[in-house]
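Hi,

Here is the model I said I would pass on. Have a look at it first, and then read my notes below.

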Amino acid sequence: MIKSLDPRVTREQIELDNQIAPLQELDQWETYEVFHQKKRGDQHMHVGIVHAPNPEMALLFGKEQYGRRGITANIWVVKTANVFASEYEDQDIFETVPEKQYREAGGYKVMEKINKYKKEQKS
Amino acid sequence: MNHIKELLYKMADDLLIIGHRNSEWTGLGPILEEDIAFSSMAQDKIGQSQAIFQLLHELGEQEPDTVAFTRNANQFHNAVFTELPNGDYAFSTMRHFLYDVADQLRFEMLANSSYEPLAKVSRKVKGELKYHVFHANTWITKLGAATEESHARMQTALNECWNYALGMFEASEFEQQLISEKIFEGEAELKQRWLGAISPILTKATLTIPDESTWQPHTGGRKGIHTEHLQPLLDEMSEVFKIDPTAEW
């Protein structure tokens, strides 16, 4: 019998030769991605995952994992398998050649105009 | 005042004892997510019991901690159902379902109580209870109708729980007074509502309530008559408190 400092474990009278079988592959529930909304109207933010056998249970768990502290208006769960994602090996598609200031906000000489306008308003 | 105190004591004791029992699953739950959810609900229960012990304190009883941690088993008014050992997860989940539906209905009835402090607490816990019942209903319907094994284990759990669950509705000597003063509509009314609420869920879960001819409510808890399981629970629960009752937490 296992004698543990935790009385709950000792009470269970677990035999020491009771081998714990390793989990088979896929011997687990699927994962769901959880999205949390603080206030109605806010965007739902991705906060993590939960394991669950169906969407209802994913909501059940999502609420406790991610909604029990702080304010929550709403939670979404989406089966991870249903997320279509880009490949990391294609990460270079997000890179861009730097000589394109016309496409960046900083490329516009707008600050000069803003400063000029502010100055006019003050005077 | 005795009729109100009796009502508050049995509610607070039910919540404290089942809260403690459910917390015994912490770290041992079937999967991480469920472990967290079940533990979190156990904490809610302890919090709710504290709110009711506080009402008792306002009626002249001792501090919540003193009342919770220094009484012996025969001074507790919880239903015997709540003190039974956890057994397997089927038993714990079934008890969670049968108890929490009754708890939600009781608080729902009390939200309109003429005893305003209790009505106020009842309205405050509404959201927590809604989640607890949502959690219980989801598990019961899922496990009841999943595989042959899960169905058999849930049916066994229901059979084992049944007469103990009926014991939750043990009438108090103050029933008529509580009803006539519009404080609480009474255990008989609660039991009817409870049967109405659990039946469709159990049907959906393909589980069968034991035949009415076999019903023998396991009562006594409300009058301090308990099983041998309660005192060890109280000893363990109050172990730290008794080492230093004045410690600040």
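This is a predicted model: local features need pLDDT of at least 70, side-chain atom pairs count only at pLDDT 80 or more; totals for chains, interfaces and linings use all residues.

I picked out B:K182 for its backbone. Its phi is positive, about 55 degrees, although the residue is not a glycine. Most residues other than glycine have a negative phi. You will find B:K182 in the loop between α9 (175–180) and α10 of chain B.

B:T206 is another case in chain B: phi is near 55 degrees there, again a positive value in a residue other than glycine. B:T206 sits in the loop between α10 and α11 (230–237) of chain B. With 13 C-beta neighbours inside 10 Å, B:T206 counts as partly exposed.

Now for chain A. It has 3 helices and 3 strands, and along the sequence they follow the pattern α-β-β-α-β-α. Of its 123 residues, 14% count as buried. If you take the contacts in chain A between residues at least 6 apart in sequence, 40% of them join residues at least 24 apart.

The 3 strands make an open antiparallel sheet, in the order β2-β1-β3. β2 and β3 (74–79) of chain A are at the edges with a single partner strand each, so each has one side without a neighbour in the sheet. From one strand to the next the twist averages 30 degrees.

The pairings go like this:

- β1(A) and β2(A) run antiparallel and are joined by 7 bridges. In β2(A), A:A52 is the bridge partner of A:E30.
- β1(A), residues 30–37, also pairs with β3(A) in the antiparallel sense, over 6 bridges. Here A:Y32 has A:K79 of β3(A) as its bridge partner.

As for the helix on this sheet, α2(A) lies across β1, β2 and β3 of chain A, and runs at about 125 degrees to β2(A).

The contact takes 12 residues from chain A and 13 residues from chain B. On the chain A side, the elements that give two or more residues are α1 (7–11), β2 (45–52) and α2 (55–66). The largest share, 7 residues, comes from α2(A). By class, this side of chain A has 5 nonpolar, 2 polar and 5 charged residues.

The packing of α5(B) on α7(B) is worth a look on screen. The axes of α5 (residues 89–110) and α7 (residues 126–144) of chain B come within 9 Å and cross at roughly 145 degrees, and the crossing is left-handed. Among the residues that make this contact are B:H96, B:F97 and B:F107 of α5(B), along with B:V133, B:A136 and B:W139 of α7(B). Sorted by class, the contact has 9 nonpolar, 4 polar and 2 charged residues.

One last helix: α1(B), residues 2–23, reaches 31 Å from its first C-alpha to its last, close to the 32 Å expected for its 22 residues at 1.5 Å a residue.

Over to you!

Notes: Residues are numbered from 1 along each chain as its sequence is written. Chains are lettered from A and ligands numbered from 1 in the order in which they are written. Two residues are in contact if their C-beta atoms, placed from the backbone, lie within 7 Å. Helices (H or I, at least four residues) and strands (E, at least two) are DSSP runs, numbered from the N terminus. Ala, Val, Leu, Ile, Met, Phe, Trp, Tyr, Cys and Pro count as nonpolar, Asp, Glu, Lys and Arg as charged, and the others, Gly among them, as polar. Two strands pair if DSSP finds at least two bridges between them. Axes are lines fitted to C-alpha atoms, for helices over the stretch in contact, and angles run from 0 to 180 degrees between N-to-C directions. A crossing is left-handed if the near helix is turned anticlockwise from the far one by less than a right angle, and right-handed if clockwise. The expected span of a helix is 1.5 Å times one less than its number of residues. A residue is buried if 20 or more other C-beta atoms lie within 10 Å of its own, exposed if 12 or fewer, and partly exposed in between; C-beta atoms are placed from the backbone.
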